[in-house]
Amino acid sequence: MEIVRPQSRRNFLSSSSDAVSVPTIPLYRSAPSLEVRLEEFESFAIDRLRVLKGISDGMSRGKKPEEMENLVKDLWKVNMRHQQTSEVLNKDIISHFALRLVYCRTEDLRKWFLSMESALFRYRFRLLNTEAQRAVMEEFDLPYRAVSSAEFESIKEKLGQVARSMGQPSPSADAIFYKVPFEEVPELVAGRKVLISQGYAYVAMNQIVSLVATLFRSQLSKTLILTNRKWTSSIREQEKHRLTPIVEAVCASYLGPDYSQSRECADISLKDIDQVAKSSFPLCMRYLFEKLKEDHHLKHGGRMQLGLFLKGVGLNLDDALAFWRAEFSKRVGLEKFEKQYAYGIRHNFGKEGKRTDYSPYSCTKIISSTPGTGDHHGCPYRHFSEENLRAALSRMGVNSRAMEDVIDKARNRHYQLACTLTFEALHGMPCDAGINHPNQYFSDSRKILQSKKIAAAALLRHLVGAYTRGLRQCGKIFMYLPKQFNGRSWNSVSVSSWKSG
């Protein structure tokens, strides 16, 4: 696949004969011969990456197969659409090969990409009808054929036993089974979901996804290694001024909204910052904030991470200078602060140097940082020891049950999901989109707390109104009562005399 700058490119699936020959799901066996603009190469890759990361998050959350199917369907519909219907398949294939180039470069990248692409293929295959599934099987050129009626009748009882063990009805006479070597379907064998006889597994049509997904994964694993060799030997150097920077940046791309400017419900002032830090700062920023208050100093990495975050939540330049000046002057003195540190704060706001309006760091950037001795920046879920993480979560108010879930996700390197679970534990509400940015955490937190505050105020108004209406009703009742009770005024009547009377 050649990457070029010209605006025009030909549709490699434009002819009707080509369109018919390609199965519903591409198998990505070889890169197509076509021209792709760099802008499309990057944008298509990022759109597909959104799908893969959504799948990764869903799997990490332990979603059920039915939920994952719906998730994949929604992710694909939202991210892989194209203005021109005829270009949807092109985008599918281009985006796959673009990400294959991005993720071939290291063992960890290859492992993640292989797992997510295999999962995507699996769920897309399951969403196809039977005819389309058979078309994909034919594209794999599988040597296996459906079991004959005579052979089916000879093993029908055993197939029924396997089906009943899984809580399913016995197969009917028109059921389709494939006879394949058992090593081709390790997932089904491990789950005891197939009948095995004389080295062969009898795979039902509704289980065939296991077979084709295994073949797809094996094929992709081999091609990733070959792509890596070609990238290392030639492409990286040949494209160092054009394609290489894009390839190296895509896997670390932040895919959410820009937080360089404060968003709705996000403006704060100096008088609010201490209280807001406790209620709405994510753990990474709360830790930096606490260390700044404790030591009255942060190294460069910490100043950048916290400073840009505060800028993104609405702390203006004057308040930012006052905030940092108040803390640093306690340790380094006012004069040294103005000479050595004030410039950096103004620089972050685009008032010095290149006058670039810098954006707050995303979770991806924070997680990939490498804090050294004496540094306090980075992601606590990745960089803290388990003991320190437990202590930090406890100080935030995370209960013990939620804490175990958070620790488990952090231990398995699902750092953003660990942060998402922390958010849900503290706010008592689900965060389906997941946490991808510290400023997103803050913004979502403020919105939830604000809505709870409004709801509480509305409830209070309702109770006060009900109480007032009750008093008015009582007043109306007393208007119709006699002015005296047994010769005494109402004020002197006791509760006991009222009951006895």
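Residues are classed by relative accessible area: buried means under 20%, exposed means over 50%, and partly exposed lies in between (1.4 Å probe, protein chains only). The structure is a predicted model, in which local features need pLDDT of at least 70, side-chain atom pairs count only at pLDDT 80 or more, and totals for chains, interfaces and linings use all residues. Residues are numbered from 1 along each chain as its sequence is written, and side-chain values use heavy atoms, with hydrogens and water left out.

Confidence was examined through pLDDT, the predictor's confidence in each residue, on a scale from 0 to 100. The protein averages a pLDDT of 85. A score of at least 70 is reached by 88% of the residues. Residues 2-22 stay under 50. For this stretch the model has 44 contacts (heavy atoms within 4.5 Å) beyond four places in sequence. Residues 493-501 also have pLDDT below 50. Beyond near neighbours in sequence, residues 493-501 have 7 contacts in the model.

Side chains of opposite charge can pair when their charged atoms come close. A salt bridge was taken as a side-chain nitrogen of Lys or Arg within 4 Å of a carboxyl oxygen of Asp or Glu. A search of the whole structure finds 28 salt bridges.

Asp 274 pairs with Lys 293, with the closest N and O atoms 3.5 Å apart. Asp 274 is partly exposed, at 39% relative accessible area. Lys 293 is likewise partly exposed, with a value of 30%.

Helix H12 also holds Glu 294 and Lys 291, 3 residues apart and separated by about one helical turn. These two residues form a salt bridge, their closest N and O atoms being 3.5 Å apart. Glu 294 is exposed, at 53%, whereas Lys 291 is buried, at 15%.

In helix H19 (residues 386-396), Glu 386 and Arg 390 are 4 residues apart, again about one helical turn. Their salt bridge brings the closest N and O atoms to 3.4 Å. Glu 386 is partly exposed, with 36% relative accessibility. Arg 390 is partly exposed too, at 25%. Through salt bridges that share partners, Glu 386, Arg 390, Glu 404, Asp 408 and Arg 411 are joined into one network.

Key
Helices (H or I, at least four residues) and strands (E, at least two) are DSSP runs, numbered from the N terminus.
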